[in-house]
Each structure stands twice: as C-alpha cells, then as structure tokens.
Amino acid sequence: MKEDRTISDNQLRKAFKEFPLENLSPGFMEDLMSKIEKETVSQRRTKKLIAFLQIIAGIASIILLPVLAVYLCNRFIPGFSFSFSNLKINFDINSVLIGLAILLLLIIDSLHKRHEYKRQFKNE
C-alpha cells in the first residue's frame, strides 16, 4: 500500500511540474497570507480549548464515576450503605510520591510517542 502511495505521489508531482506557473497579483497573495494566518491562529485556539476540555472531562469522570457507582448501589441493592465517616484513610507520603511519579512517567511517555509520530509522519 505504501508503494502505491509513493507511485501516486510521484505521478502527482510530475503532473504539477508540467503545469505552467501563473503570476498572481500581489494583492491576492497578501489577502491569502492574512487568511492563512487567521486560520492558523484559530486552529491553535481550538486545539488549546480541546486540550483544556479533555482535562476537565477526565477530572470530572474521575470524580463522577465512583459517585455514580455508589448512588446506583444505594438505589438498587437492598441493605447497601456507604459512608465516608466509617473510612479511616491514611495517606502515606511514599504512596503519593509513587503515584505522582507514575503519572509523570505516563505523561512523558504520551508526549514522547506523539512527538515521534509527528516526526515520523514528516519524514515520509
């Protein structure tokens, strides 16, 4: 499949090289460049907004899914009770540091994979 793509890319390059170049007016080029810059800024804002909304959705799901599970258990299982007053939670600093280290490594791994994918995609 990659070979077919390479062949079609080469055929497209040949076809575009055969077309005569036309001189465009400077006003058209300036207008086109301003539209391209506006679109680029718009895409950057959209990507930042999407990333922010993904983070908010992740945090909300971390909080809401356990709450929903407890609510559904209270609603449909007779005799089920859950209370935070019965829980005695002690946070060990080592556990917190290990969790944060794992989270940091997962984020670094995700960013590294994304960077390598983009670099590989540009080289093709």
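This is a predicted model: local features need pLDDT of at least 70, side-chain atom pairs count only at pLDDT 80 or more; totals for chains, interfaces and linings use all residues.
Helices are DSSP runs of H or I of at least four residues, numbered from the N terminus.

**Salt bridges**

| Pair | N to O distance |
|---|---|
| Lys35 and Asp31 | 3.5 Å |
| Asp109 and Lys113 | 3.5 Å |
| Glu116 and Arg119 | 3.4 Å |

Lys35 and Asp31 are both located in helix H2, with a spacing of 4 residues, about one turn of the helix. Asp31 is partly exposed, its relative accessible area being 38%.

Asp109 and Lys113 lie in helix H3 (residues 93–123); because they are 4 residues apart there, about one helical turn separates them. Lys113 has a relative accessible area of 54% and is therefore exposed, whereas Asp109, at 36% relative accessibility, counts as partly exposed.

In the pair formed by Glu116 and Arg119, Glu116 is partly exposed at 28% relative accessibility. Arg119 is likewise partly exposed, with a relative accessible area of 45%.

**Nonpolar surface patch**

Leu65, Leu68, Tyr71, Leu72, Phe76, Ile77, Phe80 and Phe82 together make a nonpolar surface patch of about 790 Å². One of these residues, Leu65, lies in helix H2, which spans residues 26–76. Leu65 counts as exposed because its relative accessibility is 55%, and the cut-off for exposed is over 50%.

Definitions and conventions. Residues are numbered from 1 along each chain as its sequence is written. Side-chain values use heavy atoms; hydrogens and water are left out. Patches are made of residues with over 30% relative accessible area and no salt bridge: like charges are joined within 9 Å, nonpolar side chains (Val, Leu, Ile, Met, Phe, Trp, Tyr) within 5 Å. Accessible areas come from the Shrake-Rupley method with a 1.4 Å probe; for residues, only the protein chains shown count as cover. A salt bridge is a side-chain nitrogen of Lys or Arg within 4 Å of a carboxyl oxygen of Asp or Glu. Helices (H or I, at least four residues) and strands (E, at least two) are DSSP runs, numbered from the N terminus. Buried means under 20% relative accessible area, exposed over 50%, partly exposed in between (1.4 Å probe, protein chains only).
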